[in-house]
Each structure stands twice: as C-alpha cells, then as structure tokens.
Amino acid sequence: MSYIRYFPSALLSAYVEDLYYLDGPSPYPHQKVMPVASSNLMINLGDLFDVYRPGQTDPLITCTDSWWVGIWDTYHTVDWPTSVRLFGVHFKPAGAYPFLRIPLSEMNGQVVPLDVIWGAY
C-alpha cells in the first residue's frame, strides 16, 4: 500500500497535523486502533470499512463515503477492505473545532458520516 503524507502550510498547520492518502492492497484485514489525542476526517474513494467498539461483534458503523472520527478513550477495531483508496486529515488537539463548529466532546468515541455533520455534499 502506498502512503503519501503532506504537511500543511503555516496557516493550516495551526489546526491540521497532516494530510495523507492511502492507496493499494490493505496491509491487514483488521486493525486495533489505540486512542490518540486527535480527531480525523476520512474521505473514502474505495470499498467500505467496518468499525467496532471493544468487544462488539456487530459494527458500530459501516463507513462508505466520508466520515469523522472523534477522540476515543479506548481502542476500537477497524475491518479494512482488501483494497484501500482513502484521503485523510489528522487534526491537532482542538484543531477540528473551526471546521465542525460543535463542541468536540460531542464527537468523543464516535464515528459519524460527514453528511450528518455538514449536510449532503
């Protein structure tokens, strides 16, 4: 899988840690994602991802188009598709607020489709 990482210019870097793009065969079928102090915007250009809370057998959400991942206080698990095409944004702590305009605490432990946050696009 290709991983391309871009660091934003000074104005955007106050909010965004990096922008990244993944493309190619998935490196693994499942990933245990450990908690980090940043939220993420994901734009999917490929097949779906399933996200699970700890100990769940049914997905919390099946991510298809684009989604937002809030800050988690525990791990969560992701089932990866066999082939990945994904663009993402890692936000710095509190850096997502100007883009969401909702309290970031409302996104904790959540994976939310972007159209729920910003409306249909």
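User: Arg-101, buried or exposed?
Analyst: This is a predicted model. In it Arg-101 is exposed, because its relative accessible area is 59% and the cut-off for exposed is over 50%.

User: Where does Arg-101 lie?
Analyst: Arg-101 is in the loop between α2 and β10, and β10 covers residues 111–113.

User: What is the phi of Arg-101?
Analyst: Arg-101 has a positive phi of about 60 degrees, although it is not a glycine. Most residues other than glycine have a negative phi.

User: And Ala-94, what is phi there?
Analyst: Phi of Ala-94 is near 70 degrees, again a positive value in a residue other than glycine. Ala-94 belongs to the loop between β9 and α2, the latter being residues 97–100.

User: Is Ala-94 buried or exposed?
Analyst: Ala-94 counts as exposed, because its relative accessibility is 55%.

User: Switching to pockets. How much space lies in the largest pocket?
Analyst: The largest pocket holds about 530 Å³ of space.

User: How many residues line the largest pocket, and which lie nearest its centre?
Analyst: The lining has 28 residues, and those nearest the centre are Tyr-20, Gln-31, Val-33, Met-42 and Val-78.

User: What classes of residue are in that lining?
Analyst: The lining of the largest pocket has 21 nonpolar, six polar and one charged residues.

User: Which strands supply at least two residues of the lining?
Analyst: They are β2 (16–25), β3 (30–33), β4 (40–44), β5 (49–52), β7 (66–69), β8 (76–79) and β9 (83–91). The largest share is three residues, and it comes from β3.

User: Which residues line the largest cavity?
Analyst: Ser-39, Trp-68, Gly-70, Ile-71, Leu-100, Leu-104, Met-107 and Asn-108 line the largest cavity. By class, that lining divides into five nonpolar, three polar and no charged residues.

User: Take Trp-68 from that list. Where is it found?
Analyst: Trp-68 is found in strand β7. Trp-68 is buried, because its relative accessible area is 1% and the cut-off for buried is under 20%.

User: How far is the C-alpha atom of Trp-68 from that of Leu-12?
Analyst: The two C-alpha atoms are separated by 18 Å, with Trp-68 and Leu-12 lying 56 residues apart along the chain.

User: Which element is Leu-12 found in?
Analyst: Leu-12 is found in helix α1, residues 10–13. Leu-12 counts as partly exposed, because its relative accessibility is 32%.

User: Which residues form a nonpolar patch on the surface with Leu-12?
Analyst: Tyr-15, Phe-99 and Trp-118 form the patch with Leu-12, and together the four have about 350 Å² of accessible area.

User: Salt bridges next. How many does the structure hold?
Analyst: The structure holds one salt bridge. Arg-5 forms a salt bridge with Asp-18, and the closest N and O atoms are 2.4 Å apart.

User: Which parts of the chain does that pair link?
Analyst: The pair links distant parts of the chain, with Arg-5 in strand β1 (residues 2–6) and Asp-18 in strand β2, 13 residues apart.

User: Those two side by side: how does Arg-5 count by relative accessibility, and is Asp-18 buried or exposed?
Analyst: Arg-5 counts as partly exposed, at 44% relative accessibility. Asp-18 is buried, with a relative accessible area of 1%.

User: Last one. Where is Gln-110 found?
Analyst: Gln-110 is found in the loop between α2 and β10. Gln-110 counts as partly exposed, because its relative accessibility is 29%.

User: And how far is the C-alpha atom of Gln-110 from that of Trp-67?
Analyst: The C-alpha atoms of Gln-110 and Trp-67 are separated by 10 Å, and the residues are 43 apart along the chain.

Technical notes: Residues are numbered from 1 along each chain as its sequence is written. This is a predicted model: local features need pLDDT of at least 70, side-chain atom pairs count only at pLDDT 80 or more; totals for chains, interfaces and linings use all residues. Side-chain values use heavy atoms; hydrogens and water are left out. On a 1 Å grid over the protein atoms alone, a cavity is a set of points where a 1.4 Å probe fits but cannot get out, and a pocket is an open set with protein on both sides within 12 Å along at least five of seven lines; lining residues have an atom within 4 Å of a point. Grid points are joined across faces, edges and corners, and a volume is the space filled by probe spheres set on the points. Helices (H or I, at least four residues) and strands (E, at least two) are DSSP runs, numbered from the N terminus. Ala, Val, Leu, Ile, Met, Phe, Trp, Tyr, Cys and Pro count as nonpolar, Asp, Glu, Lys and Arg as charged, and the others, Gly among them, as polar. Patches are made of residues with over 30% relative accessible area and no salt bridge: like charges are joined within 9 Å, nonpolar side chains (Val, Leu, Ile, Met, Phe, Trp, Tyr) within 5 Å. Accessible areas come from the Shrake-Rupley method with a 1.4 Å probe; for residues, only the protein chains shown count as cover. A salt bridge is a side-chain nitrogen of Lys or Arg within 4 Å of a carboxyl oxygen of Asp or Glu. Buried means under 20% relative accessible area, exposed over 50%, partly exposed in between (1.4 Å probe, protein chains only).
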